Amino acid sequence: MTDYLIVGAGSAGCVLAGRLSEDPSVRVTLLEAGPPDTSVAVHCPAGMALIAKQGKPAWTFETVPQPGLNGRRGYQPRGKVLGGSSSVNAMIYMRGHRADYDAWAAAGNRGWSYEEVLPFFKRAEHNERGADAWHGSGGPLNVAELRSPGRWRDAFVRAGVEAGYPANPDFNGAEQEGFGAFQVTQRNGERLSAAKAYLTPHLGRPNLKVLTGAQVLRVRFEGRRAVGVDVRLEGTEQTLTAQREVLLSAGALQSPALLQLSGVGPGAALQALGLPVVHDLPGVGLHLHDHIDVVQVVDAPHLKDTVGLSLAGLGAMLRGVFEWRRHRTGLLTTNYGESGAFIRSHPDEPLHDLQLHFVVAKLVDHGRATVLGHGYSCHVCLLRPRSRGSVTLASPDPLAAPRIDPAFLSDPDDTARLVRGFKRMRHVLAQPALAAHGGRELPVSAAARSDEEIERYVRDHADTIYHPVGSCRMGPGPLDVVDERLRVRGLERLRVVDASVMPAIVGGNTNAPTIMIAEKAVDLIREDARTG
């Protein structure tokens, strides 16, 4: 018996486990389907390239064929390890724009405006620059500059200034727009995942139990009250019970799937799969959306100080291994996406609607493809897409992958913005700070010049930048899944705490906002426990 059962040891689940177990009178059990985070590929920042190649430790999901992507299936990897996606991501610390959170509050979610969530961002954060009006000091999540950035990080920023955009030294400060270097969730040259920040330091607590290799199959109910979960552990199916609450933190793809497997979701669809309906909640799995993204790759064989597969590149990587092992500095501290920008697809846009990620390597097919030589890449992603998809069950088998349909580019406005964004990205890469060093855009994109040709390129090559949200949307409406306190509507002792509750995606990377959601959830859970 435990007080709180937490399903999923990702960014949110680790925060919940670490914070709730601060109270020695509270018993907490955290369940993770993946293994412990012992791989050096997790802790060494540059190891994310190896993770991308191997597809582990990760769930390697795919979407259904996407009409907006010319029938292609999108790739949807999620972390399957302690720390979840914070153990496999690019470590970029980004909150989004204040308008994103103000829109959440305006949609009927009291307590979620920017001024109300800022204290939770600051509580989580230890920014090595120090505390100020926007940043915290002393929190579990270390936020740092890259220890050994390459010269191309700043060259990209100079190219942006040459193209007429402002430089921005702090994307999470007073203003987000402009070009600048990314801060990262690293400490002393190592990845600082949510597990290392919130969980690992407290594994010795007697009131905290962490079970890895624990695949949750369904939530158990007595009437409409969640009382525990069925879990496959060490080859056998077991039932674990929770005296206070079950907290789902399995992510935007798996939390809605788990609810449906448990009989919570659109009743007719569940019945068609032979699943008993505990609660007909039609919004479960709807409103899935994501940052759709497309990449331009520049081939520059002579730029040996970019990350690349060549004799010189292998030599640099070998030297980097020794430097990282001895000093935690050098090439292996890179997160590859070292700098970026927030820009507008059109001058008349009231708010920047595009994000650029500059990568110091030739990135093809999510890094899974083996590409010879040196060069660099730039992503442009659409920050606030209008397209909405769904997560549903493909089978009543709890071990089967869910049916993931982000409906990429189903709204024509998304396509138009991405085409404009691609042209603006290309203009930046053509500035002297980069172009003067040589390099040629790969033919596959270089041939796309007109809007129609660029649109074809986008549809042939765009995909996620790994930020699915919204599938258990927070709000007061009939298709919303959780209320402003993250309680599943119509049920008791069950909450969802992860990126799936976002009413609308934020304008930036989603890891820091997910940690913020969990920090706020801890206060909500404690308040509800005190009031009965």
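Arg95 is buried, having a relative accessible area of 2%. In this predicted model, the side chain of Arg95 meets that of Glu125 in a salt bridge, with an N to O distance of 2.6 Å. The two partners come from distant parts of the chain, 30 residues apart: Glu125 belongs to strand β5 (residues 125-127), and Arg95 to the loop between β4 (75-79) and α4 (98-106). Glu125 also counts as buried, because its relative accessibility is 0%.

A further salt bridge pairs Arg417 with Asp353 at 2.5 Å, N to O. Arg417 sits in helix α11 (residues 412-429) and Asp353 in the loop between β18 (337-343) and β19 (354-359), so this contact ties together parts that are 64 residues apart in sequence. Arg417 is buried at a relative accessible area of 12%, and Asp353 is buried at 5%.

Arg244 and Asp3 form a salt bridge as well, here at 3.8 Å, N to O. This pair spans 241 residues, linking strand β13 (residues 236-248), which holds Arg244, to strand β1 (residues 2-7), which holds Asp3. Asp3 is buried, with 4% relative accessibility, whereas Arg244 is partly exposed at 32%.

The count of salt bridges comes to 39. Some charged side chains are joined in a network of salt bridges, made up of Glu245, Asp483, Arg485, Arg487, Arg495, Glu527 and Asp528.

Methods:
Residues numbered from 1 in each chain as written. Predicted model: local features only at pLDDT ≥ 70, side-chain atom pairs only at ≥ 80, totals over all residues. Heavy atoms only, no water. Salt bridge = Lys/Arg side-chain N within 4 Å of Asp/Glu carboxyl O. Helix = DSSP H or I, 4+ residues; strand = E, 2+ residues; numbered from the N terminus. Buried < 20%, exposed > 50% of the residue type's maximum accessible area, 1.4 Å probe, protein only.
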